[in-house]
Structures are given as structure tokens and as C-alpha cells.
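Colleague: Could you take a close look at one spot in this model for me? I'd like to know what surrounds it, and then how the rest compares.

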Amino acid sequence: MEQTVDNKQIVLKNYNDQIPKETDFQLRNCNRINLKAPQGSGSFLVKNIYLSCDPYMRGRMRDFHGSYLPPFTPGSVIEGFGVSRVVDSDNPNFKPGDLISGLTGWEEYSLIHTTQQLRKIQHQDDIPLSFHLGLLGMPGFTAYAGFYEVCSPRKGETILVSAASGAVGQLVGQLAKLHGCYVVGSAGSNQKVDLLKNKLGFDEAFNYKEEPNLDAALKRYFPNGIDIFFDNVGGDMLDAALTNMRIHGRIAMCGMVSQTSLSNSQLFHNMHNMITKRITMKGFLQSDYLQLFPRFVEDVSGYYKQGKIIYIEDMNQGLETAPAAFVALFSGKNVGKQVICVAPQ
């Protein structure tokens, strides 16, 4: 006998080109879902356990079709990375009880049709399941690929990490320390600065909101210049870093979370340094390096189990908290990787 249940969902109400607001989303309670996967569909039904809030999702909230991911559709369920358990399956590769990580809906249950970039999780008691959205998920792999492949670090080099206590930055800094680099992080509160220096092992950290002159701040922490800038924010920090890069410095462009509008370009004043200092600036996506993912999981899970790195999460309880948690990413309210717990494991 078929069983249907209520399926709470978060949908996009309208496109927004500015900083996201909670009113851009709507909690929908009236939807019901069949707990059986349709026969012959090749799909499978999952119960979502954890959902990830990630800044890249902002780009899908505008009516723009020229990016690497298509926009969300107003009135439809938000899509993002999640950790889920298979409830029923018409796909021979996924069995009830399997734990998976990959793209799913911001809802209690999702019917999955596309298995590209989905991966099964072999849950280990010494690694929290939610870490497959952060440390061992897309943000962690972004940090790993960006640091080793884009930054090409050498022992003894100096590195600046912006948004350093976030999902990506906290791991970049720790990997850099393990590699023998001098690491400075910027963050938006004194609490985060303390976390960077006293828990995550950064050599130095500063609150950019308390620095009236970012150029002077960077000269204070990098009197001989910056070899590597791992940039998650863009904006004024990037402009100041350009002045303080060393000759043949490298900049990994990971995010632009500081931009208040994705349509209006920001004017940079210090781009001439790209020429005079022969700086390499490269944008990248973690999906460019998927061939390295198995090595990443092995390396980073090993570091974690050995106590060489730690990972900080900011966990919200309940699907209905997802819009507020996502919006908070853009004002820096979160501390660590922002995750939504939808259901008990």
C-alpha cells in the first residue's frame, strides 16, 4: 500500500540581484509526497538529514543564464548540497538505507532523478555525518584544490586568507600551516579572530571591520609582502592585497561575497600591480578538479582523525530556519560552516 506524508519545502519567491533577504523565500507546508519511488523511473526517494548553506547559491537567485549553474525557478524548491538517506529506490545502484551526499532539495523528502556528482557515504563514527557537507564536502574540496592546485604553495611562503573562519577559509589556513606557510586570516568579528588564532592555529588574524586602512593593516602583518592570497570576498580586501603582493605572487579567486550587487561591477584601483609585480590571479571551481576528490578525502579525513586539523560548524535546527541561516552568510553572522539539520540521523 502506498504511503504519502507531508513534505515541508523552501521555495524561491522572486529573483533578487541584491543581497538575499528572508522574504525571497517561502516555507510551503501543503505539499505531500509518495514514499515509493515510481516504478520504471530509475529514480530514488531520500529523506534529507542535513542541508548546506553556501554563498554560491546566491548566484542562482537571479535571472541570469550565463553562469556555470542555471538559475533557480521562482515557485520551485531551492536546490543545494545535502546529506540524505535513501528511503525507496527504483535505481539498482542505490538501496534503501544508503547514505548519500550531493545535490538535493530544500525539503524533507526529495525524489532524485540525476545521480551525477552524487556519492555514497561510508559513515565513520569518528567523523560527524554533517562533515560531508563541509570538511569532506564541496567547501573542503574547494579549499584543498584551491590551495594545492591554484596557489602552488611552497614551504615558508606567506599567505592571506579572507573570510578565514568560514567553510572554506578555515581549512585553507590549516592546510597552509601543515605545509609550512606563515598564515594570516581576516574575519569580521573579534570572536572569529580569537577562533583563528587560538583554535585554528593561524599565525595572526585581524578584524577587518576595525581597520580604517586595509593597506596599512596588510603592511603591518606582511612587512615583506604576500606570496599567496586566497580570496573569498573580493572588494576592498582584494584591492588592498594587490598593492601588497610580492613579485610573482598568486591570487586564488574563490568567492566575491562582499559584492552587494552581482550586476554592478566594482572599480579596482590597484590592478596595475598585476603587471608590475607579475601577479597570477586565477578563478576556479572545485568541479575543475574532481579527479583529485578521492585523494582529498583520504588526506583530509586522515588529518582530522590524527588531530592535525579541526572543523567548525554552525548548526541550525529545522528546515524552516534555512532562509535566515542562508541570509546570515552575507552579514557574517555564522561562525564556521553553516549547516541545517532537517531530521535526526
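Why does Gln338 count as buried?

Modeller: Gln338 counts as buried because its relative accessibility is 4%; the term means under 20% relative accessible area, with exposed being over 50% and partly exposed in between (1.4 Å probe, protein chains only). Before going on, a word on the basis: this is a predicted model, so local features need pLDDT of at least 70 and side-chain atom pairs count only at pLDDT 80 or more, while totals for chains, interfaces and linings use all residues. Residues are numbered from 1 along each chain as its sequence is written, and side-chain values use heavy atoms, with hydrogens and water left out.

Back to your glutamine. Gln338 sits in strand β17, residues 337–341 (strands are DSSP E runs of at least two residues, helices H or I runs of at least four, numbered from the N terminus). Its side chain makes a polar contact with the side chain of Asn316 at 3.1 Å. That term covers a pair of N or O atoms within 3.5 Å; within protein, one must be able to donate a hydrogen and the other to accept it, and residues adjacent in sequence count only if both atoms are side-chain atoms. Setting aside neighbours within four places in sequence, Gln338 is in contact (heavy atoms within 4.5 Å) with Leu51, Ser52 and Cys53, with Asp314, Met315 and Asn316, and with Ala325 and Leu329.

Gln9, in strand β2 (residues 9–12), counts as buried at 5% relative accessibility. The partner for its side chain is the side chain of Glu107, in a polar contact of 2.7 Å. Not counting residues up to four places away in sequence, Gln9 also touches several others, among them Gln26, Leu27, Arg28, Trp106 and Leu319.

Then there's Glu211, in the loop between β12 and α4. Glu211 is buried, with a relative accessible area of 18%, and its side chain makes a polar contact with that of Arg220 at 2.5 Å. Leaving out neighbours within four places, Glu211 is in contact with Phe206, Ala217 and Arg220.

As for the helix pair, the axes of α4 and α5 come within 9 Å and cross at roughly 50 degrees (axes are lines fitted to C-alpha atoms, for helices over the stretch in contact, and angles run from 0 to 180 degrees between N-to-C directions). α4 and α5 are therefore oblique to each other, since under 35 degrees counts as roughly parallel, over 145 as roughly antiparallel, 65 to 115 as roughly perpendicular and the rest as oblique. From α4, Leu214, Asp215, Leu218 and Lys219 meet residues of α5 including Met237, Ala240 and Ala241.
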